[in-house]
Amino acid sequence: SVDHGGVAVNAIAIDTFQNRVFSGGQDGSIILWDSSTWEKKARVNVKLAPVTYIVTDERPSTSNFYSAKTLLTGHADGTINVWNIMTDQIFYLYTLIAHKGKITSLAVREGTIYSGGVDKRVKIWDMASKRNTNTLGQGGAVSGIAIDYDVIFVTHDNIVRVYERQNFTKVLEAMLGGTIVGLAMDRKRQLFTVENSPATPVRAWDVEGILDTVNVEMRNGATLSPEGGSFISASGEKVRIEDLTMEEILNNPKKRHQFMGFLRDERYADENLLFWIAATRYKAFAESSANRDEMQQMINRFGVEILEEYIEAGSDRELNISAKEKKRLLNRRRTSFDSNTFDETISDVENLLKTNFLQAFKQVLSGNNAGTDGLVIDDGPIRRVKSAKKRKSSALRRRMTDTDDIL
């Protein structure tokens with residue numbers, strides 16, 4: 001343990017790639033620590049209100065390109081201070097007068113700050129102009145904010161709310177059993193809620209499953225029928241499993257959710273399907289925002305996020321695509337993005353999924369997989385039942401969390 005100058009520590013933030021930890025104290029002080037030696041590297045001693053929240057702009061990846069460059073501290077008086085941490089020093093940049101009462105949550109993504117407070121508001125700030133661009137009212141003090149590619153998660157009391165990131169429309173609300181005291185998302189896009197309930201203190205949510213649930217509710221999507229080896233399409237037409245196509249799987253939210261569970265359960269690479277989802281959602285957003293000058297910056301920003309996640313060398317989910325296609329996409333950084341940017345790659349990924357995985361998936365659906373004793377097929381992901389054969393180590397499998405009972 002280390003001593004924060006003899007005062008209580010209210011918040012910490014971690015810069016994974018540079019082995020740095022930032023701690024915020026009840027007296028308003030901020031300390032930068034080297035987590036490999038726990039040497040104190042810097043300290044901010046200016047007179048500030050007690051620190052209540054700390055976050056950096058670190059983006060989880062395997063590349064140091066995403067290492068934290070900016071630190072945000074929320075304070076008990078409702079202010080947010082922004083600091084430059086590109087070196088082993090903490091340099092003051094500016095202050096935002098943000099909330100009435102203390103800051104309870106902060107998040108930052110691609111030049112945008114998201115703040116929550118006891119005043120029952122989530123505020124969105126543009127870092128370049130330092131202006132509040134939008135406000136989302138809540139039913140209670142905000143206890144957590146998490147940002148995904150195209151949605152924002154907000155918690156208050158026992159409520160989880162999901163908003164579209166582009167237009168801030170609320171698309172989903174779920175009520176949990178206990179008061180939510182914490183919210184976090186890991187590098188695999190799994191969301192965690194922490195409750196003050198002994199029955200379910202921590203819940204793990206699969207983000208893609210949540211988004212597919214939203215799509216099903218909004219589009220009246222398909223349901224799977226275990227009788228007769230068929231499923232019902234969104235149009236109401238019965239489709240035999242042997243006639244199932246990759247296009248039907250990809251465009252049916254519940255079916256796609258099951259396909260994702262199949263890929264992860266069998267330890268196949270899931271980055272191709274994740275890319276397809278991200279790129280097709282991006283295409284729809286870019287098409288709806290075309291010819292609007294004020295939206296081009298956001299179109300470019302989201303396009304860069306997809307490049308960083310799936311195309312750049314060394315990224316966690318780097319696609320195995322041709323060098324020519326990778327070069328073409330990376331060169332987009334120098335120009336601008338549009339709704340057609342990823343079309344060729346989307347087509348390549350669809351063909352790869354069809355060629356490599358479609359037949360195996362249909363065999364699992366029909367119960368003809370030699371390594372499977374049985375399946376429970378419902379509206380959620382595929383769940384295996386106990387097999388007589390030796391099971392793969394659960395530590396090596398990434399399990400899809402079934403949230404249907406909650407949502």
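This note sets out numbered points on strands, a helix, a surface patch and salt bridges.

1. Basis. The model is predicted, so local features need pLDDT of at least 70 and side-chain atom pairs count only at pLDDT 80 or more, whereas totals for chains, interfaces and linings use all residues. Residues are numbered from 1 along each chain as its sequence is written, and side-chain values use heavy atoms, with hydrogens and water left out.

2. The four-stranded sheet. Strands S1-S2-S3-S4, in that order, form an open sheet with antiparallel pairing; strands are DSSP runs (E, at least two residues), numbered from the N terminus, and two of them pair if DSSP finds at least two bridges between them. Strand S1 (9-15) and strand S4 (39-44) are the edge strands, each pairing on one side only. Within the sheet, S2 (residues 20-25) is joined to S3 (residues 30-34) by five bridges, and serine 23 has isoleucine 31 as its bridge partner in S3.

3. The S13-S14 hairpin. Strand S13 (residues 142-147) is largely enclosed by the rest of the structure, because six of its six residues are buried (under 20% relative accessible area; exposed is over 50%, partly exposed in between; 1.4 Å probe, protein chains only). A hairpin of three residues joins S13 to S14. S14 (residues 151-156) pairs with S13 in the antiparallel sense over five bridges, with alanine 146 opposite phenylalanine 153.

4. Helix H6. Helices are DSSP runs of H or I with at least four residues. In H6 (residues 323-330) the buried residues are Glu325, Lys326 and Leu329. They cover an arc of only 100° around the axis, which puts them on the same side of H6; the arc is that of the directions from the helix axis to the C-beta atoms. On the other side of H6, Ala323, Lys324 and Lys327 are exposed.

5. Salt bridges. The count is 14 salt bridges, each defined as a side-chain nitrogen of Lys or Arg within 4 Å of a carboxyl oxygen of Asp or Glu. Glutamate 309 and arginine 317 form one with closest N and O atoms 2.7 Å apart; glutamate 309 is buried at 10% relative accessible area, and arginine 317 is buried at 7%. Glutamate 325 is buried at 3%, whereas arginine 328 is partly exposed at 30%. Asp15, Arg20 and Asp88 are linked in a network of salt bridges.
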